[in-house]
Amino acid sequence: MALGPYEGIDPATLVLLIILMVVAETIGTTIDTGRAGISPSVSVSLAAIVLVGPVGVAVATFFSTPFILRRQNFVKRLFNGGQYALAGYAAGHVYLALGGELGPPQHDDFPWALVPFCAALLVHSAINGALMGGLMWYLGVVHLRRPHRIRWRTLATLELASLGYGMLGLFIAAIWGVVGALAILLVMLPLFIARWAFDQCVAEQRAHEATLATLCQAVETKDYYTRGHCMRVAKASAMIAQELGMHAERVQTIRYAGMLHDVGKLGVPTKVLQKPGKLTEEEYAAIQLHPMRGYEIVREIGFLDEALAGIMHHHERMDGRGYPMGLAGHDIPEFARIISVADAFDCMTSTRSYRKARSIEEAIDELRRGAGPQFDPTMVDALIAAVDEQGWESPDIVEPPTDDDTAEVASQDHDDPSVPLRVAGEAE
């Protein structure tokens, strides 16, 4: 910015771009429980490349950061300003090198104007990603490692969405040449509408999460030893789904299924769930009904979709000896096979009323032994790989009752899918 040159840059246009950049960054919407966010600022940055060139876009993006109405400290603002300025400056030079012309594009400039603009957009996206990735690596948030599986579909979806968003910058530059300074008003209106619409989607998703969390809490108040179990099963299920390369929507749905997999226990008497000794046949039969009861409770919740099958069949076994319908092999829905492994893993690594928690290594060994007759081997391998990569935090150990009645714990499993085949066969 100090080196310039500034010839040919209209000061009024530069000021208006700074204002538009401030607005775009300010109306960004926070997502992912406050850890990330999105904003239309990339569109403004790309428009500035066309209108005022590499130096102009660096000035517009850097000097907009002090005025953004967000709670950010000086260091974050300085980093963001430098990041935007570097990405815009480099992309602007690529735009000029490939024949792009400064100023609002005219009718005769199309379609060839798309070539330098798209190249600038790709460079802008790459530098932004590299700078942010480098920062996250430096702070220890992410670690550089060679992935054993690249989720191409997820990456392609994200990149295509980002590129499509950036193309809006060419639209901004084009209408700027038609209406001049009024372009800022024409652009702000759809930006505010887009922000409002996205806020509604985020609010609806948070309402969904709150509703499901309330149901989880209602289930877990019936049994002290299973507190947090539903959320941990949801986490483990999502880890498996991500390891399998599922797209984001299905990962979210499997999280919902994991959260609600035991909701049918609301219909099981509390004294049965908390009974430390052996269950009678009638009590065990009551527990075996909970997947069907869970399905009946939540089947009218429209956004669950595929999650319903996971809730209904998460106690089926690959050898057909599970419940409630005795499905076998790949007749068992994929979500149910995922939840079965996640549920068993958390059960084994948690303390229950009838036994103490096992170590992660012991739980993994049991999953491997049960792979085939009880669990889908693909899901077991996916969980093991995810735990190796991301780790797993076992819940705090709560000492179970130590009465003599609880000594024969494992032979009568309280709906615990972690009991290995050699024991479960006797219990059934």
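Phenylalanine 62 counts as partly exposed, at 24% relative accessibility. Here buried means under 20% relative accessible area, exposed means over 50%, and partly exposed lies in between (1.4 Å probe, protein chains only). This is a predicted model: local features need pLDDT of at least 70, side-chain atom pairs count only at pLDDT 80 or more, and totals for chains, interfaces and linings use all residues. Residues are numbered from 1 along each chain as its sequence is written, and side-chain values use heavy atoms, with hydrogens and water left out.

**Aromatic pairs**

- The whole structure holds three aromatic pairs. Rings of Phe, Tyr and Trp (its six-membered ring) pair if their centres lie within 6.5 Å; planes under 30 degrees apart count as stacked, over 60 as edge-to-face and the rest as tilted.
- One of the pairs joins phenylalanine 62 and phenylalanine 63, with ring centres 5.3 Å apart. Their planes stand at 85°, so this pair is edge-to-face.
- Phenylalanine 63 is partly exposed, at 42% relative accessible area.
- Tyrosine 256 and phenylalanine 303 make another edge-to-face pair, with centres 5.4 Å apart and planes at 70°.
- Tyrosine 256 sits in helix α8 (residues 248-260), and phenylalanine 303 sits in the loop between α11 (290-298) and α12 (307-313), so the pair ties together parts 47 residues apart in sequence. Helices (H or I, at least four residues) and strands (E, at least two) are DSSP runs, numbered from the N terminus.
- Tyrosine 256 is buried at 5% relative accessibility, whereas phenylalanine 303 is partly exposed at 24%.

**Salt bridges**

- The structure has 11 salt bridges. Each is a side-chain nitrogen of Lys or Arg within 4 Å of a carboxyl oxygen of Asp or Glu.
- Arginine 255 and glutamate 209 form one of them, at 3.0 Å from N to O. This pair links distant parts of the chain: arginine 255 is in helix α8 and glutamate 209 in helix α6, 46 residues apart.
- Glutamate 209 is partly exposed, with a relative accessible area of 21%.
- Arginine 250 and glutamate 334 also meet in a salt bridge, at 3.0 Å from N to O. Arginine 250 is in helix α8 and glutamate 334 in helix α13, so the pair ties together parts 84 residues apart in sequence.
- Glutamate 334 is partly exposed, at 27% relative accessible area.
- Arg250 and Glu334 belong to a salt-bridge network that includes Glu306.
- Arginine 369 bridges to glutamate 366, with the closest N and O atoms 3.1 Å apart. Both lie in helix α14 (residues 360-370), three residues apart, about one turn of the helix.
- Arginine 369 is partly exposed at 48% relative accessibility, but glutamate 366 is buried at 9%.

**Backbone features**

- Most residues other than glycine have a negative phi, and most peptide bonds are trans.
- The peptide bond from phenylalanine 110 to proline 111 is cis, with omega near 5°. Proline 111 is in the loop between α3 (74-97) and α4 (114-138).
- A cis peptide bond also joins tyrosine 323 and proline 324, with omega about 15°. Proline 324 is in the loop between α12 and α13.
- Aspartate 305 is not a glycine, yet it has a positive phi of about 50°. Aspartate 305 lies in the loop between α11 and α12 and is exposed at 54% relative accessibility.

**Cysteines**

- The count of disulfides is zero. A disulfide is a pair of cysteine sulfur atoms within 2.5 Å.
- The cysteine sulfur closest to that of cysteine 216 belongs to cysteine 230, and at 4.2 Å it is too far for a bond.
- Cysteine 216 is buried at 3% relative accessible area. Cysteine 118 is partly exposed at 31%.

**Annotated regions and surface**

- An unreviewed UniProt entry lists "transmembrane region" for several stretches, including residues 43-69 and 110-139. UniProt positions follow the numbering used here, feature names are shortened, and annotations may be inferred rather than shown by experiment.
- Residues 43-69 are 74% helix and 0% strand, with end C-alpha atoms 19 Å apart.
- Residues 110-139 are 83% helix and 0% strand, with end C-alpha atoms 44 Å apart.
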